[in-house]
Amino acid sequence: MPDDPVSPTIQAEFDRLELELRKLPDVIAVGFEGPAVDSPVTDDAILTIHVMVGDPEVHATVEAQALDLARLHLARPLRILVAPDGEIGEAEAAERDGSQPSPLSRVRLVGVGLVEAGRGVEVTLGHGERRAVGRGGSGSPSGAAEATLTALRQLGWSVPFDVGASVRLAVGTTGAVLVYLRGEDGDRLGVSVGETAETAAVKATLQALNRWLDDPPRRPVALRPTTPAG
Amino acid sequence: MNREVLGDVVSDTAQRPPEALVAALAADLARAPSGVGFIYDALDRLRTEYGLNDAVLVIQSPSTGRQAFRAGRRPVRGGWVSERVLRSPAGLYTDPVILQPDTAESLAHLCAVALRLDLLAHDATHDALTGLLNRRSFDDLLTRAMSRSVRYGWAFTLVIMDLNRFKELNDRLGHPAGDEVLRAVGRGLRSFLRAGDVAARIGGDEFAVILDGTDPEVGRGLAARLSTAAGTMLGWAEVAFAVGTATAPDEASDAARLLEVADRRLYEAKGR
């Protein structure tokens, strides 16, 4: 959330949403992060709503209810991050001692480019200080989506999904890509726009995986905070 | 005059004393549009006027539980903030510390009152069981929606849904089970609506929704999806609704008439 003043209407909607979020069971704190609340709504400008709960047991329930509430109040792309009490403490301890990147930090898209005289596409992802590059075939957005999964695996994620299909869509005057991932836990869809079809495909793949990547048990072992044995 | 606080020199020239800010905020409380907004306004003014790095408020009471607010609506992150939010006693914390304990206490108390007022206002307008709007606030919203519709031509659909065989279900499984069904319907409704849609519990087992647009199929589709979702949540398949819809401004020019039209269709549907 920016410090700049926002319109009273938007402010009131955030106030109402926050109050309703705080009425959910065991919610201790609510915070907002992302684009300015009165900025134009775009697919890339995702507002993150952080909800802190006291009891990790209510994590899933609060996440689902918070998302429903947020969608009712805010007509913009958003996601919910629920952090139970202990998890924030551990993650911050890890960040403070500098021994490992925070598991809560996000995978980000560093770059997408064509290689091998246009026959291949190269996707670079970053997580903390780490970088990973994945390659796929060009000619269809699926290549960029496959390169994204490869890069994620190099970053340490065991990603149990394959690219099932990708479709280019016309959205207004710009292009968008829909990526369909097949996995053992079920299938996932992501849609995103980008400067090129390849960039859109990478973003759509990450979007499809976003909540899956945020789920603590699915984080790569190397990035999990260590806990004393016994 | 400069004051040294925790090793940092905080200049308060051209600043009003914090006590004066508290007094100004106390005067603002009565006309603050919302308690949550008031709290952030207080924290942000504190941060801006005194050049603070951060400000965190922790409220703890039987009616609110533990509630923490960070200036700028920022997420709880960082060792200093997490420590205050999770483990410190209730109170107002600033970085650097600039407030005398009694001033911090006054401001924290003021904010706690603001939050309590918000919760009271919320409880007065919402149904305690489902969290949806209650009948009175729905009637207000419907009247306002109708005025907008007549004046500006904004088209909307009123959907009334009545849970089939709810009494029978209550008698057979008991009131706690009936309450659980109503809660599931409330959760289901929230998950299906779009930003700007309005849902309310307007009677024991009767729900009303205001939807943007005038496609009557939308209302029936909503009821069908809601039946499935509530049934899935509860693990049984007995949740079903009778539905009545009416559209504005085509079918009525005032809220009471619109409700009548939707009600009549609801009872026709129940009779089938």
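**Notebook: a two-chain predicted model**

I began with helix α7 of chain B, where B:Gly178, B:Val181, B:Leu182, B:Ala184, B:Val185, B:Gly186, B:Gly188, B:Leu189 and B:Arg190 are buried. Buried means that 20 or more other C-beta atoms, placed from the backbone, lie within 10 Å of the residue's own; exposed means 12 or fewer, and partly exposed is in between. Helices (H or I, at least four residues) and strands (E, at least two) are DSSP runs, numbered from the N terminus.

I noted that this is a predicted model, in which local features need pLDDT of at least 70, side-chain atom pairs count only at pLDDT 80 or more, and totals for chains, interfaces and linings use all residues. Residues are numbered from 1 along each chain as its sequence is written, while chains are lettered from A and ligands numbered from 1 in the order in which they are written.

**Helix length.** I checked the span of α7(B), residues 175-192. Its 18 residues should span 26 Å at 1.5 Å a residue, and the end C-alpha atoms are 26 Å apart, so the two agree. The expected span is 1.5 Å times one less than the number of residues.

**Cores.** I looked up the largest nonpolar core and found 52 residues. A nonpolar core is a set of buried Ala, Val, Leu, Ile, Met, Phe, Trp, Tyr and Cys residues joined through C-beta atoms within 7 Å. A:Val51, A:Ala66 and B:Leu57 are among those with the most contacts inside it. Another core, of 39 residues, lies apart from it and includes B:Leu189 and B:Val198.

**Between the chains.** How many residues of chain A are in contact with chain B? I found 29, facing 26 residues of chain B. Contact means C-beta atoms, placed from the backbone, within 7 Å. The chain A side includes two or more residues from each of α1, β1, β2, α2 and α3 of chain A.

**Sheet in chain A.** I traced an open sheet of three strands, in the order β4-β5-β6, with antiparallel pairing. Strands pair if DSSP finds at least two bridges between them. The edge strands are β4 (107-115) and β6 (130-137) of chain A. Eight bridges join β4(A) to β5(A). A:Arg108 has A:Gly126 in β5(A) as its bridge partner.

**Hairpin in chain B.** I saw that β3(B) and β4(B) form a hairpin with three residues between them. Six bridges join these antiparallel strands. B:Gln60 stands opposite B:Arg66 in β4(B).

Definitions and conventions
Two residues are in contact if their C-beta atoms, placed from the backbone, lie within 7 Å.
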